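Please keep the sequence and the structure at hand while reading.

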Amino acid sequence: MSLDKMGRRPEDKLLDDENMELKTAGPRSRASALRRTVFFIAAALCFGLLLLFRLSALRHPLSLSWAGPEDRGDQYLLGVGKADITGPVVEINLMGYADPNQVGTGLRQRLYSRAFVVADVKRPEDRFVYLVLDTQSGDTAVRYGILSALKALGSEYDVYGHHNIAVTGTHSHAGPGGWLNYLLPQITSKGFDHQGYKAIVDGAVLSIRRAHESLQPGYLSAGTTKVFGANINRSLFAYLANPEAERARYNISTEDDGSVEKDLTLLKFQRASDFKNIGVLTWFPTHGTSMLGNNTLIAGDNKGVAAYLFEKSMREDSSAAEGFVAGFSQASVGDTSPNVLGAWCEDGSNQMCSFENSTCSDGRSQSCHARGPLFRVQDNGASSCFEVGRRQFEPAKALYQSLQDAAVPVRGSSVKSFHTFHNMSGFSFYLPNGTQARTCPAALGYSFAAGTSDGPGAFDFTQHDGNEKTTSPVWRVVSHLLKAPSEDQISCHGAKPILLDVGEVYKPYQWTPNIVDVQVFRVGQFVIIISPGEATTMAGRRWKDAVKSATATLFGLETDSIARKQTAPIVVLGGPANSYTHYITTEEEYGIQRYEGASTLYGPHTLAAYINVTLAHIQYLGIRKSTPPSYEPGPFPPDNTNRSLSFITGVVRDAAPFFKEMGQVLTDVDRIYHRGTEVRVVFVGANPRNNLRLEGTFAAVEKLNTDLGGGGVDEMWTKVRDDSDWSLVYHWRRTNELLATSEVTIVWETEDWAEPGVYRIRYYGDQKSLGGNIEAFEGTSASFTLL
C-alpha cells in the first residue's frame, strides 16, 4: 500500500484535506459543505427506503408495480375471456384416435374456450383474437360459425374477421368428435354432430365477448423456461434424418438433446389500472394423448390439466385479477409425445418397439404402446395425464412469478395480423436455392393407417415401410375404389406411397382441405405463427427461423420503440389451427415416411410452401400497413356445416325403472371416508345429451358449514367441487335400450389436501319425455364424514 510523505494512506489524506477545508473556510463555505452533507444523508435514507421496498416486492408479488412505465414496455388494449364448450359427453365418438369404438361414457373434466384479445391503443381496429380451445384442433366449419355469430352481434364486432381471429386447439384426443368440416374425420363419428358443433361455436363466441367487454389498457411481457419430463420425440428415426449440423445446433445436453423443444414461452397480460395480471398465454409442444385410446371420459387432456391448475392457483394469488385466464397452447407438436417412458410391446416380451417402424416381434404395430409416467395405474391414462399437466403447470407458474421482476417487456405500438386462404393443390414456387418446386392435391400414405405408438392403427399397416407390397392386397382395392391416384399425383408425392387420394375426391363433399389458412399475428416484437397443421419439431424451427429473420429486417425499418431499443423478434408457433391439415414435416423426415410424413398432405415441399406464402405476406405486419390483404377473388374453403352427412341418432326418451324415480339413489355413500379414497354414489339417471349444462354442472360435492349464532345452530350446504374439477368424475350407462333406463355414477376421488368435514354428492339431470319435453331433476346422496 502506498503512503504519502506524512505516512498517510490516500483515503486518510482525503479526510484530512476535507477537515482542513472546513476549518479554514469561511461561514458561507462551511454552510455549503453542511448542506452537501445533509443532502448526502437524505439521499442515503431514500436509497435505503427504496431498497427495503424492493425487497418487499420480491416477497410479495402484488408489489410488482414498483417498476416505472418504461420498464413495462408499451401499452395495449388487453382482454381475456373463458367459456364452456363441453359438447355431448356420451354416445358420441371421441376425436383424435379415429377409433369408432371409442365412444363417450362420461365426463372427467369440462372443456373450455379461452380467448385473448390484443389491440392497439391508438388504432383499436388493429387487433387480434387468439383462441385456445380444448379440442383436437381448429376447424373451418367452426371458424365460419364463429365469424357468422360475431357478425350477428352488431357493428361493435365488425372489427373481427378472417384476418385477425385464430382458432387453435390444444390437440386433446379426449373430446367429443363430429364437428369437423371435412368428410374424412367425420367417418368414425358417424357424420356431423350439430349439438357438439354448436357448443364449440357458442362457447368460443362467448369467450370472445367476455374478452372484448373486458378490454382495458395494459402491458405485455414475455419469458421462456425449460420444461422437462413432459415430452419426447415419438418418431426419432425420422428426426435423425435431418442434417447432423442442424440437429447439433439444438443439442444442449443429455436432457435437452434437441429432439423435441423443451422451451415453454409465456406471454403475461397485465392491466394498467392496478398492475394486476389478468391472464397468461403459453406455448409448449406435447401431444394431447395422455388419455389413452381406451379412455371414454371427456377431458382436456394434459393441456386442460395445466390450465386448470394454473387458474386454480391464481384464485388466492394477490398478483392476479378476478377471472384470471390461463391458456396452454400447442406449439411444434407433430412428432412429440407426452408418454415419456417410450414405446413398449404389450405382448409379454417386455421389449421396446422397433426403432424404425414401431412394431413388435410379430411384425405388427398393434401391440406397440407408448407409456406415460404413471402407466402402471390402470385408469386409461388419467394419472399420467394429470402428471404431465402438472409438469407443464409448475414451470409455467415459476416463470410467471419470475416475470414480476425479470420480464422482457413487449415494446412497439404495432398490433398487426394477416390471414390468407391458399390453394395447396398444385402451388408452384421457388425454393431459397432457386429450384422450382410444387405442392400436390392432398393425399395420405400407407403409414398414415399404421397410427403411432400413442395410438396404433389396425390391420397390417406399419410405419416407415408401409406400402401396397407390405400390406394385404385388399387395401390396394380399397384405395382404388376411392380414387386411383394419377401418375402425376404419384410423381408429385414422391416418397409417399399413396393409400388415400383424398384431395381429389369431392363426393359427397370434400374429404380433406386443399385450401389452407396461412396466418400470422404481431404485437410489438412478439410474433405468432398460426399453423393449420401439426408441425414437427424441426419443421417448426425452420418456419420460426424464417419468420424471425424476415421480421428482424422489417423491425429494422421501423422508428418506434422496437427500433430504439434494438429489440429482437420473439417468434412462437401455435396450432393446429383454423382448418386441420394433418402434419407438416421437413423434406428429410417426409422421405422416411413414418406416420407424420405419410400424413403430410401436400407432398415433400409442404413446409417450404407454408414458409414461402408466409414470407410473401410478412409485409402486412409492418407498422405502415393499415389494411390486411384482400380476399377477392378467393379462393375460399367450403363450409360443409349444413351439407354434412349424419347418422347420429338423437335421444328418444328417458324413463326410471319400475317403482323408482329420476334422481333416486341406487347405491349410497358410506358414513365415513378417509382422504385419498373414492366416494361413489349411483343414481337413477337420464341421458346428458338432453342438456349439456353449459356453464353449469352435472355433479357437485357440497360441504356442510355450521354457524353457531345467538339463536342456535345454522347449517348451510356449500358447493366445493363441480364437474370442472379433475377429481369429480361423472359416468353414464344405459341399462335398458327398450325401457330407456340409465344410471349415473358420480365418483369423488378425494384429495389428500381436502378439508375434513361433512359432505354430500348432488346430481343434476334432465329427463326427456316421449313427446320431446325436457324436465330438470336432482338427486342427493346421504351425508358422509371425510377424515
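A nonpolar core is here a set of buried Ala, Val, Leu, Ile, Met, Phe, Trp, Tyr and Cys residues joined through side-chain atoms within 4.5 Å, where buried means under 20% relative accessible area, exposed over 50% and partly exposed in between, with a 1.4 Å probe and protein chains only. The model is predicted, with local features needing pLDDT of at least 70 and side-chain atom pairs counting only at pLDDT 80 or more, while totals for chains, interfaces and linings use all residues. Residues are numbered from 1 along each chain as its sequence is written, and side-chain values use heavy atoms, with hydrogens and water left out.

**Nonpolar cores**

- In the largest nonpolar core, which has 56 residues, the members that touch the most other members are Leu131, Ile146, Tyr730, Ile746, Trp748 and Ile761.
- Helix α5 (residues 194–213) gives the most to this core, contributing 7 residues; helices (H or I, at least four residues) and strands (E, at least two) are DSSP runs numbered from the N terminus.
- Beyond its neighbours within four places in sequence, Ile761 is in contact (heavy atoms within 4.5 Å) with residues including Val679, Val681, Phe683, Ala700, Val701, Ile746 and Trp748.
- Another core, of 49 residues, lies apart from the largest one and has Val547, Ala598, Leu601 and Tyr610 among its members.

**Helix α8**

- The 13 residues of α8 (residues 301–313) should span 18 Å at 1.5 Å a residue, and the end C-alpha atoms are 19 Å apart, which agrees; the expected span is 1.5 Å times one less than the number of residues.
- Helix α8 is mostly covered, since 11 of its 13 residues are buried, and these include Asp301, Lys303, Tyr308 and Glu311.
- The elements that cover the buried residues of α8 include the strands β1 (75–84), β4 (112–119), β11 (277–283) and β13 (320–329), together with helix α9 (382–406).

- Most residues other than glycine have a negative phi, and most peptide bonds are trans.
- Asp301, in helix α8, has a positive phi of about 55° although it is not a glycine, and it counts as buried because its relative accessibility is 0%.
- Ser358, in the loop between β15 (343–345) and β16 (368–370), is not a glycine but has a positive phi of about 55°, and its 7% relative accessibility is why it counts as buried.
- The peptide bond from Lys507 to Pro508 is cis, with omega near -5°, and Pro508 is found in the loop between β24 (498–500) and β25 (515–523).
- Gly575 and Pro576 are joined by a cis peptide bond with omega about 0°, and Pro576 has its place in the loop between β28 (570–574) and β29 (583–584).
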